[in-house]
Amino acid sequence: MNIQEIIAKKRDKLELSKEEIEYFITNYTNGKIADYQAAALVMAIYINGMSDEETTNLTLSMAHSGDILDLSELGTVVDKHSTGGIGDKVTLILAPIISSFDIPVAKMSGRGLGYTGGTIDKLESIPGYKTNLTIQEFIQNVKKNGISVISQTLNLAPADKKLYALRDTISATESIPLISSSIMSKKIAAGANKIVLDVTCGSGAFMKNLKQAESLAKMMKKIGDLANKQTVCIITNMDEPLGKAVGNSLEVIEAVEFLKGKMEQDVKEVILELGSYMIKLAGKGENIEENKQKILENIANGKAYEKFKNWISSQGGDVNFLENVQNFKKAKYITPVVAQKNGYVTSLNAQKVGEISMNLGAGRIQKEDTISPEVGIILEKKIGAEVQKGEILAYIYANNEELANKQAKNLEEVYEIQENKPKLKKNILEIIA
Ligand code: URA
């Protein structure tokens with residue numbers, strides 16, 4: 001077997017065998033296959049696709065390219081993962097909610113790259129919060145407090161790390177076999193028994209339309225179920241950012257407010273849907289509508305917020321910042337973005353908002369870039385809102401005046417305002433259970 005033959009097979013639209021896929025993953029991970037050969041194969045997969053069987057074999061090979069975490073001593077662990085979005089603070093809110101039902105939360109999250117954010121960057125905006133616990137500390141934390149969220153310190157799915165970085169450099173990201181194997185290999189390696197996937201759909205997501213999102217969701221569910229990890233996919237709208245805040249500490253503040261009962265409608269719908277399925281998969285409530293009510297109760301009675309504080313302090317975070325969010329460092333300039341005409345907001349392209357946030361310093365253009373936790377955007381008006389000329393649409397939080405003005409102008413252009421009220425898209429587009 002050699003890599004040239006494998007590339008040629010995929011180039012010629014033939015199916016790769018399990019052995020050929022394993023050969024590629026093993027030898028690419030250990031450096032015996034060069035990046036240019038891997039790039040050729042990845043591009044052939046991107047163009048010609050893969051059968052379900054090939055995608056499943058690719059996922060399992062990638063999952064076994066490194067360590068497989070064993071969380072069995074914690075009982076039933078339900079993991080949650082999003083395929084990426086803008087203003088996505090769902091893990092920050094959902095983790096303590098789930099933990100408030102005595103369901104163990106043992107989660108590894110990632111950092112942001114490009115225009116999408118990452119939970120670990122958001123958590124690190126809380127002074128003192130430690131994201132790099134050892135695996136023993138992580139498991140101990142879950143045993144003691146019921147919850148821990150850390151960055152991926154282990155050697156989990158190293159093949160994905162290499163392939164993901166490679167895909168990014170050759171414009172081969174938006175492919176169903178490549179995305180589903182990337183996500184599911186990490187989920188399988190991370191050790192949870194059950195998985196709820198937030199499959200985002202729209203301008204700020206990899207999948208731009210419902211048909212693509214459905215195909216991705218079905219593929220990931222199939223892989224999860226085959227790997228004996230019951231998987232539910234919830235397709236959610238990512239045509240505009242989720243909630244009001246985009247940027248690291250700004251999103252933590254929105255999460256605190258949510259857990260104290262001030263809930264933005266779109267965030268609320270996503271949290272209730274994902275959370276209810278997580279409770280169901282954990283065996284703590286069969287009825288989804290009842291689970292939604294139980295979540296709202298645990299927010300109203302303060303249990304979820306208490307859990308949040310408990311979690312953050314158990315990982316070294318300073319809870320004073322949660323109790324008094326005004327203590328978070330503020331950006332130097334808070335620049336309003338103003339409506340130039342009367343009408344309704346008809347579009348607010350999530351990817352473009354994410355790019356503005358990244359350019360302000362909330363995200364990384366290169367993997368090595370450092371971020372500024374306090375910068376970002378607060379969206380005061382979202383799709384469907386009626387606005388008057390001169391009214392404030394959003395605020396730019398920046399540390400540099402020139403940049404603030406430039407990005408305020410860019411954001412003003414992202415807001416489309418038209419005479420007629422637009423038809424609103426649902427926040428929950430489909431559930432594949
Ligand atoms: N998230 C991942 O982890 N991988 C992808 O390919 C896309 C989103």
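Start with the crossing of H4 and H10, which is right-handed (a crossing counts as right-handed if the near helix is turned clockwise from the far one by less than a right angle, and left-handed if anticlockwise). This is a predicted model, in which local features need pLDDT of at least 70 and side-chain atom pairs count only at pLDDT 80 or more, while totals for chains, interfaces and linings use all residues. Residues are numbered from 1 along each chain as its sequence is written, and side-chain values use heavy atoms, with hydrogens and water left out.

**Stop 1: H4 and H10**

Select residues 52–63 for H4 and 210–226 for H10. Helices here are DSSP runs (H or I, at least four residues), numbered from the N terminus. The two pack at about 60°, with axes 10 Å apart; axes are lines fitted to C-alpha atoms over the stretch in contact, and angles run from 0 to 180 degrees between N-to-C directions. H4 and H10 are therefore oblique to each other (under 35 degrees is roughly parallel, over 145 roughly antiparallel, 65 to 115 roughly perpendicular, and the rest oblique).

Now show side chains. From H4, the contact (heavy atoms within 4.5 Å) uses Asp 52, Thr 55, Thr 56 and Thr 59, and from H10 it uses Met 219, Lys 222, Ile 223 and Leu 226. By class, that gives three nonpolar, three polar and two charged residues (Ala, Val, Leu, Ile, Met, Phe, Trp, Tyr, Cys and Pro count as nonpolar, Asp, Glu, Lys and Arg as charged, and the others, Gly among them, as polar).

**Stop 2: H4 and H9**

H4 passes H9 in a right-handed crossing. Among the H4 residues that meet H9 are Thr 55, Leu 58 and Thr 59, and H9 brings residues including Pro 177, Ser 182 and Ile 188. The contact has nine nonpolar, six polar and no charged residues.

**Stop 3: Gly 49**

Step back to Gly 49, in the loop between H3 (35–48) and H4. Leaving aside residues up to four places away in sequence, Gly 49 touches Lys 10, Ala 44, Glu 54 and Pro 177. Its C-alpha is 16 Å from that of Ile 223, 174 residues apart along the chain.

**Stop 4: the ligand**

Select Thr 83, Tyr 164, Arg 167, Ile 179, Ser 182, Ile 183, Lys 186 and Phe 206, the residues around the ligand (a heavy atom within 4 Å). For Arg 167, a polar side-chain atom sits 2.9 Å from a ligand oxygen. For Lys 186, a polar side-chain atom is 2.4 Å from an oxygen of the ligand. Ser 182 places a side-chain N or O atom 2.6 Å from a ligand nitrogen.

**Last stop: H16 and H17**

Select 350–362 (H16) and 401–414 (H17), whose axes come within 10 Å and cross at roughly 180°. That makes H16 roughly antiparallel to H17.

Notes. A polar contact is a pair of N or O atoms within 3.5 Å; within protein, one must be able to donate a hydrogen and the other to accept it, and residues adjacent in sequence count only if both atoms are side-chain atoms.
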